[in-house]
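My entries follow in the order I made them.

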Amino acid sequence: KAKESGRDTLRLFDDQMQQAVNERAQLEDELRHALEKDQFELFIQAQFNSDLTVIGAEALVRWRHPARGLVTPALFIGLAEQTGLILPIGRWVLKTACALLRRWDEHPVLRNVPLAINISALQLYQTDFVDQTLTTLRQTGADPNRLNLEITESLLLENIEVAITKMKQLREQGIRFSLDDFGTGYSSLSYLYRLPLDQLKIDQSFVRGSSTDADARAVTRGIISLGKNLELEVIAEGVEAPEQLSFLKESGCELFQGYYLSKPLPVAGFISLCEGGTTTTP
């Protein structure tokens with residue numbers, strides 16, 4: 001803890017610190033065995049256009065823990081990245097998502113729906129990431145034009161030139177790229193036009209703030225304008241209230257994702273939503 005806080009600092013031991021270490025160690029051990037025990041599951045969150053028609057989806061991993069119940073990524077993805085377990089988990093997500101896309105080819109409603117997955121820095125900067133991705137597409141038979149890889153601004157800081165090269169190689173095969181959490185990172189705008197992107201995602205903190213904060217509204221409008229000038233799709237995530245949706249529409253945003261429209265659903269629930277069955281869409 002002292003080292004985490006910088007140089008020339010002092011921290012005193014207490015029982016709570018030891019308890020946190022023990023809990024982390026236990027969670028890490030359980031996470032290491034989660035894949036082999038088939039405890040992960042993909043939930044699907046729908047993405048909508050201005051007519052509130054489903055035009056895409058994002059796959060979100062969940063950990064169905066035998067004792068803890070359904071665990072969201074917020075509680076384990078950070079640990080997975082710190083321990084390197086994000087690599088096998090990421091490979092599982094890619095393979096499972098591609099297999100889903102292949103199955104959806106046979107569905108009259110879903111055959112044109114693209115699916116997005118999140119890619120970590122550790123994954124992208126693996127030397128064989130491009131080969132891994134293309135091999136998975138070939139093995140599953142999934143259409144690369146319907147796979148959307150979401151990356152964050154902070155991911156690009158590590159080595160922007162390597163990232164651009166790998167993204168271009170995958171883009172040449174039809175894979176799309178989305179820049180997630182846009183507006184919260186530190187990447188230079190001078191790099192933005194060089195990235196082979198298809199979509200910007202407005203971070204949910206700006207969407208949430210648009211209900212009450214004039215600065216958040218101004219930033220949101222600026223991102224929408226920037227995206228359109230760069231000829232990119234702009235999608236707002238974290239839409240949780242009708243006034244947020246109205247503001248985004250008025251500001252020129254055309255794509256939306258969030259709990260107000262649909263929460264992340266098990267695959268069967270998402271299929272039902274698309275078929276016009278049970279839905280949380282207003």
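The contact joins Phe 129, Val 130, Thr 133 and Leu 134 of α5 to Lys 166, Gln 169 and Leu 170 of α7, where contact means heavy atoms within 4.5 Å. I sorted these residues into four nonpolar, two polar and one charged (Ala, Val, Leu, Ile, Met, Phe, Trp, Tyr, Cys and Pro count as nonpolar, Asp, Glu, Lys and Arg as charged, and the others, Gly among them, as polar).

I note that this is a predicted model, in which local features need pLDDT of at least 70, side-chain atom pairs count only at pLDDT 80 or more, and totals for chains, interfaces and linings use all residues. Residues are numbered from 1 along each chain as its sequence is written, and side-chain values use heavy atoms, with hydrogens and water left out.

The axes of α5 (residues 129-140) and α7 (residues 160-171) come within 10 Å and cross at roughly 20°. Axes are lines fitted to C-alpha atoms, for helices over the stretch in contact, and angles run from 0 to 180 degrees between N-to-C directions. α5 and α7 are therefore roughly parallel to each other (angles under 35 degrees). Helices are DSSP runs of H or I with at least four residues, strands are runs of E with at least two, and both are numbered from the N terminus.

Next I looked up α3 and α5, which pack at an angle of about 35° with axes 9 Å apart. Their crossing is right-handed. On the α3 side I found Arg 91, Leu 94, Lys 95, Cys 98, Ala 99 and Arg 102, meeting Gln 132, Thr 133, Thr 136, Leu 137 and Thr 140 in α5. This contact has four nonpolar, four polar and three charged residues.

How many cavities of 30 Å³ or more does the structure hold? I found one. The largest cavity has a volume of about 40 Å³. A cavity is a set of points on a 1 Å grid over the protein atoms alone where a 1.4 Å probe fits but cannot get out, and lining residues have an atom within 4 Å of a point. Grid points are joined across faces, edges and corners, and a volume is the space filled by probe spheres set on the points. Its lining is Leu 87, Gly 90, Arg 91, Leu 94, Gln 123, Gln 126, Phe 129 and Gln 132. The largest share of that lining, four residues, comes from α3.

Methods:
Parallel < 35°, antiparallel > 145°, perpendicular 65-115°, else oblique. 1 Å grid on protein atoms, 1.4 Å probe; cavity = no way out; pocket = protein on both sides within 12 Å on 5 of 7 lines; lining within 4 Å. Left-handed = near helix turned anticlockwise from the far one by under 90°.
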